[in-house]
Amino acid sequence: MAAPDRGAKWLRLCALLLGLLPLVLLLGCTLEQYPQSAMHPRSDYAIWLQDLLEGLVFWVVLIFVLVEGALIVAVIRFRARPGMPDPKPVHGHTGLEIAWTIAPALILAAVAVPTVATVFKTQSKAPAGALQVEVIGHQWWWEFRYPEYQITTANELHVPVGRTVSVSLATADVIHSFWFPAMGGKRDVVPARTNHMWFTPNSTGEFPGQCAELCGISHANMRMKLFVRTPEEFDAWVVAQRAGPAEPDTLSTEARGKQVFMTAGCVACHTINGVSNGVLGPNLTHVGGRSTIAAALFDNTPHELGKWIADPPARKPGTSMLKLPMSPDQLADLVAYLTSLK
Amino acid sequence: MATTTAPIAAVHEQSYSPSGLWSWITTVDHKRIGVLYGVTAFIFFLIGGLEAVLMRIQLMRPGNEFVSPDFFNQLFTMHGTTMIFLGVMPLSASFFNFVVPLQIGARDVAFPRLNAFSYWVFLLGGIFLNLSFFLGGAPDVGWFGYSNLTSKQYSPGHGVDFWAVGLQILGVASLAAAFNFIVTIINMRAPGMKLMRMPVFTWMTLVTSFLMILAFPVITIALVFLLFDRFTGTNFFMASAGADPVLWQHLFWLFGHPEVYILILPAMGIISEVLPTFSRKPLFGYPVVVYSGIFIGFMGWGVWSHHMFSVGLGPIADSFFALTTMLIAIPTGVKIFNWIATIWGGRIEFKTAMLFAIGFISMFIMGGLSGFMHASPPSDLQQSDTYFIVAHIHYVLFGGSIMGIFAGIYYWFPKITGRYLGEGLGKAHFWLTLVTMNVTFFPMHFVGLLGMPRRVYTYAPNMGFNEMNLMSTVGAFGLAFATLIFVANVLRSRTHGAPAPADPWGAPTLEFAIASPPPVYNFGSLPTVHGLDPLWSKEAKDIIQQVNTVKGHIHMPPSSYWPAVSALGMTMLMSGIVFGWWVGIPGLVLMLVGFYSWSFEPCH
Amino acid sequence: MGAHAEEAHHTSTGLNNRKLLFWSFLGSECMFFGSLIATYLVYKGRSQVGPYPHEVFDIPLTSYSAFLLLMSSLTMVLALAAVQHNNRKGSLIWLAATALLGMHFVANQVYEFTDFLHRGLNLQTNLFGSTFYVLTGFHGTHVTVGVIWLWSLFMMALRGKLGADRSLDVEIAGLYWHFVDVVWIAIFTLIYLIQ
């Protein structure tokens, strides 16, 4: 066999391996390493999308190996060498044209069928008995409401494993996009429109999500967390959320902090049930129980909470949350109060 | 392939004034206008590249504070807008200008002054757009400017106004150029140059020009609505009045999808010229390559909502656009197969132009395949607005359009300047570009599918995005260095490059029959063409002699400054929307004076 | 363009370059007005407050305006014929007639806009106001540009500079004028008649 042909065979093998390398690499990575991965499905919706993706990747790798391989073979085999004859002036070949028009069409048909099926399956009405959640996007945080429980919370979504979550999606200002990759695809929130999506989580755990449509200066800071709990944990969470805010002992630090909350200006934007009625910012009734603050931007520790309240625009550019004037003592008291709101 | 020895005394005095700034400002010669477009566009390309490098520095590690979030948003907005409207499109236009009249056997384009006008509007529009950086901030709403983020309420500064008005100005430049090339290609072909004997590059120019004249009016209207909303309080995108912000998306992408074919078809045309030349055999399946280009042009109108799969248009709309998008992959694939079949059985010479052409095919296959993955809406919902899309667009736009354009530059540089670009530096440029392009953009496929959205100035440190972002940044620096090698090559070759004959490569098309650089009148006598690839036909010798023999009086259009004056006036008029009537009114007067004088300017 | 006698430049199709350019331009204008009309239709019936179309439209007046433009297309054809036959007097009469009919149309538009404004419909009032005024405003502007074009041709004819050798200039102005008329037919039908 002539040397160029053997070389071409080796090259084809290498191209094949190279093409498969991505898949191999992916199989080696875990959700712990890549918490926001879209390739580690944890819900029915995400699994259907992953199935489609795997089908697409199969065809992509196959086509890549064949076509890129043909190119590489051609480039090597037909490179000019001394003594090589003049090439034959071939102008075309109808049979080839037909063949390489039909072959891609068939592959596309093979992909189109599961695509359309999945489109209709994932956009059908949510199964009965689903947990209703209303999502409202704001610049730059997420509001979550559970109408059947009359709960309003922000940035951290709790759902029970195994029960379908039916999400309605709206916005208070500009277009955002709601995306928990482990649960499935994203869906935009659009003014004057309510979108819907649903998914059934199949594992407990903590899953990060993020806004996926440019929505202004702090688009990168509009994050969120999903907590998939066991049914018992979820029920307990609901009970705690429906309860009123923790009432601080009189003359305690927390009581002084509540005073700060009520007089420093916070009430203009925030609701603490029974205490204040602001709607521009997240509901803080149980803010102490969240694991993160400022749309999952910082851990919810007294230190971070203090830094956040002390100068919100410095920590989240463009935020409407004002840098309210207060002394360091007042700030510490306020942080203690908010931390107590579990 | 002797250079011409015929005298140029027959040429009109006024047009033959080759030196000095004034000669460039008043030129109506398509070859000079092509050079103006090319140099200007390349400078904007470098600016766009600088914007990219700044972004990559910011993203090289999480929580970085190299640029502010606000400036980062301006950077990606201007990077996209600059690369598309001030980079790739005018680079393509520089080839339309220089090459098309030569390929069809014409002395110039149909409307030389309109041609000059479109260049000056492009230059002034690009300057206007970039002035925003210094006058309150560049636009920061993305190159696609979705409403209602672009409303006065959510974008109170002037950045969006600069963006909208700037695009309107640039739209005029594109339309003017497109009209010119449609008429030139349809009406000014040499005897015997039937449509199906035209080089593929000229064909792609024709299809692209039709796409431009039909797509730009749609974005013009969208921008009119946006400007009316921002300046006069109309309700085109005001949800509170019952309007639908998604209307913007429909109008924008009705323009935007044909726009991406405007960006790729010229590069596809270029490599359809380069591959046969350096394979020493004709293009495989010429009619199929032409028809698939036309087919793509038509079908490109039917896929726009594949940019909107996450908006919630409903399963029927999503399925329809999925199917049309998959369909358009067929003619695209067919072209790729025909290019490979062109090389197959050839005798390949690896000049730098050929390396870039092969690189185009290789990278475009990858970009096309990731595009195929987006075509499925449910799968796309995990990909859209992530770095997976950023990977796709850069493989098709950088690996595709830009590499195709570099192929064209290496291929036609000898014709334009009379000197070869250095092959040593050229090969270094190519290999470094190919490698660093992949280092920059390949990781983005992964980081996108692993959850990193687009248009984010930073990211959380524990998501696993860190190493891949660092790799992309390193690649970006490499890409910048590779581009500097190219710049050095151009600067050196202009004065020290090896002199090039009329036909430096043994190519088949008409532009290689005449001297390098061509005389101002292009052809001494217009050639008579008998088929495809005239210089590879048995009539080649006759054609070469014919075109290098001056017969009779050659009338070339005289230079004129009215196109530049009109362009300045029109730009001032439109920029008056942002700057005020004290710029707008003088602009209107200047423009009317310019157009009037242009209309009544004598031809002799 | 150029101030010299119209040379019979040879072209591949036999069509004059400027005419081909103008047809391409009209194709572009179709997309321009098409987007405006499509937006009007998409937003039809979605205004949240009045005045609403049926409350303000004066169909008899608008029909009369349509008639004016249709007649003006006829006079334009007559003007072209006159120029092609070196009929200076005819050229002047029919060019002026076309321009005057166009000006009457624009005057009707001004009247209509003023009337609507008095009834409380302005650009900002509702979706109807925004889409209607921008669409018909652009059309009226196109008519106005046409009127100015026609009067400048009239001035050339007056100075004896519009002979048969320059008939292409008039033909192209005619193409523009007929296009503007056709757009009005579309607007009249889709916006006024079909409510």
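**Figure 1. Burial and extent of chain A.** Of the 342 residues in chain A, 52% are buried (under 20% relative accessible area, with exposed over 50% and partly exposed in between; 1.4 Å probe, protein chains only). This is a predicted model: local features need pLDDT of at least 70, side-chain atom pairs count only at pLDDT 80 or more, and totals for chains, interfaces and linings use all residues. Residues are numbered from 1 along each chain as its sequence is written, chains are lettered from A and ligands numbered from 1 in the order in which they are written, and side-chain values use heavy atoms, leaving out hydrogens and water. Chain A holds eight helices and 14 strands (DSSP runs numbered from the N terminus: helices are H or I, at least four residues; strands are E, at least two). Its radius of gyration is 28 Å, well over the 20 Å of the globule rule for 342 residues, so chain A is more spread out than a compact globule (taken over C-alpha atoms; the rule is 2.2 Å times the number of residues to the power 0.38). The C-alpha trace of chain A spans about 100 × 45 × 35 Å along its principal axes.

**Figure 2. The five-stranded open sheet of chain A.** Strand order is S3-S2-S1-S5-S8, with mixed pairing (two strands pair if DSSP finds at least two bridges between them). Strands S3 (151-154) and S8 (195-199) of chain A form the edges, each pairing on one side only. From one strand to the next, the twist averages 25° (axes are lines fitted to C-alpha atoms; angles run from 0 to 180 degrees between N-to-C directions).

**Figure 3. The S2-S3 pair in chain A.** Strand S2 of chain A covers residues 141-146. S2 and S3(A) run antiparallel over four bridges. Phe144(A) stands opposite Thr153(A) in S3(A).

**Figure 4. Cysteines without disulfides.** Over all chains, the structure holds zero disulfides (pairs of cysteine sulfur atoms within 2.5 Å). The closest cysteine sulfur to that of Cys211(A) belongs to Cys215(A), at 3.8 Å, too far for a bond. Cys211(A) is buried at 0% relative accessibility. Cys30(C) is partly exposed at 45%.

**Figure 5. The helices of chain C.** Chain C has six helices and zero strands. Along the sequence the pattern reads α-α-α-α-α-α. The C-alpha trace of chain C spans about 60 × 35 × 25 Å along its principal axes. Buried residues make up 51% of its 195 residues. Among contacts in chain C with a separation of 6 or more, 82% join residues 24 or more positions apart (contact means heavy atoms within 4.5 Å).
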